[in-house]
Amino acid sequence: MYKGYRVSIVVPAHNEERHIGKVVKAMPDFVDTIIVVDDCSQDGTTQAALACGDPRLMVHKTPHNQGVGGAVVLGFRKAMEVGSEIIVKMDGDGQMPSEYLSSLLDALADEGYDYAKGNRFLAGEALGLMPKHRIFGNVVLTFMTKLASGYWHIFDPQNGYLAIKGDALQVLDLDHLNKRYFFENDMLVHLNLFGFKVKDIAIPACYGEEESGISLVQVGSTFPFLLMRRFFHRVYQKYILRDFSPIALFLLLGLLLICWGVLFGTYVWIRSAIAQHATPTGTIMLVVLPLIMGFQLVLQAVVLDIQETPK
């Protein structure tokens, strides 16, 4: 136990035969249960984990590949079944150093947070070791995830080194969490719906010979659409369905005005180009004013949403 809390570590692993052993062996003594979820690996991941001989270890192998999110959700359910009060997710590739585990746990045990996650950008000495394409991808995804999740103080949303209280986990609808690499971003959106407090913890990543299973092309082609859907879902759930807020009104009117300005402006520009004559000033104002007013309303909605960030 850690400061009176029963702690479980969930380790999703897919073809991690080379790394899973050192991950299990590095677990501190205060960890009560280690749950390795072998996500239908084609190598000896399960055997390598069991070979550690740790009595705290539980290994579950999925019958078919569920994705990292699906494997983590399975591990979360097993952790709640054994009565865990704090559940930590740590990847099986060895990139998440166990010596920083207590920093995550302290945020929950001592500071009253419901969810804590690693942030590689706060660990300045390790930032230079991060591949440049990962830095670029994280910066872009961070802004989009801030908008979608409503946690404007959170950075590095793709960081999967996280800890959550069991009470918070029981409230979340685990069946509707994304089952693939979008899992960490989706967790933040669902946490915000219930007002759970989230904290970033400075934790450097350890990059070795392991290979990432996700590419910039994959992220760029899927994440923007998923984040947009989650953004509108959160606005509807939080600011319309559960408690109507001017945020929804400002956002809706602002987007309608911007769409009108863009569509009408495009029509005016095409008509003027075909007719080859100047557009009257009044017509131009019918394009410009909705764009300005729409932008101001959307900006005000964002400002109010920032103020609503759970603290």
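Leucine 249 lies in helix α10, where helices (H or I, at least four residues) and strands (E, at least two) are DSSP runs numbered from the N terminus. At 38% relative accessibility, this leucine counts as partly exposed, because buried means under 20% relative accessible area, exposed means over 50%, and partly exposed lies in between, with a 1.4 Å probe and protein chains only. The model is predicted, and local features need pLDDT of at least 70, side-chain atom pairs count only at pLDDT 80 or more, and totals for chains, interfaces and linings use all residues. Residues are numbered from 1 along each chain as its sequence is written, and side-chain values use heavy atoms, with hydrogens and water left out.

**The nonpolar patch**

Leu249 belongs to a nonpolar surface patch of about 780 Å², which is also made by Tyr236, Ile240, Leu241, Phe244, Leu252, Leu253 and Leu256. Patches are made of residues with over 30% relative accessible area and no salt bridge, like charges being joined within 9 Å and nonpolar side chains (Val, Leu, Ile, Met, Phe, Trp, Tyr) within 5 Å. The accessible areas come from the Shrake-Rupley method with a 1.4 Å probe, and for residues only the protein chains shown count as cover. Helices α9 (216–241) and α10 (246–275) each supply at least two residues of this patch, and α10 gives the most, with 4 residues.

**Strand β4 and its neighbours**

In strand β4 (residues 86–89), Ile86 and Val88 point one way while Ile87 and Lys89 point the other way, and all of them are buried. Strand β1 (residues 7–13) runs parallel to β4 and is joined to it by 4 bridges, two strands being paired if DSSP finds at least two bridges between them. In this pairing, valine 10 stands opposite lysine 89. Strand β6 (residues 162–165) is joined to β4 by 4 bridges as well, but these two strands run antiparallel, and here valine 88 stands opposite alanine 163.

**Salt bridges**

A salt bridge is a side-chain nitrogen of Lys or Arg within 4 Å of a carboxyl oxygen of Asp or Glu, and by this rule the count comes to 11. The table lists some of them.

| Pair | Closest N and O atoms |
|---|---|
| Aspartate 106 and lysine 3 | 2.8 Å |
| Lysine 89 and glutamate 184 | 2.8 Å |
| Arginine 234 and aspartate 305 | 2.9 Å |

Arginine 234 lies in helix α9 and aspartate 305 in helix α11, so this pair ties together parts that are 71 residues apart in sequence, and both residues are buried. Lysine 89 is buried, with a relative accessible area of 0%, and glutamate 184 counts as buried at 6%. Aspartate 106, by contrast, is partly exposed at 21%, and lysine 3 is partly exposed at 48%. Lys3 and Asp106 are linked with Asp110 in a network of salt bridges.

**Helix α11**

Helix α11 (residues 281–307) has 27 residues and reaches 39 Å from its first C-alpha to its last, close to the 39 Å expected at 1.5 Å a residue; the expected span is 1.5 Å times one less than the number of residues. Its buried residues are Thr283, Val287, Pro290, Gly294, Val298, Ala301, Leu304 and Asp305. An α-helix has 3.6 residues a turn, so residues three or four places apart point the same way.
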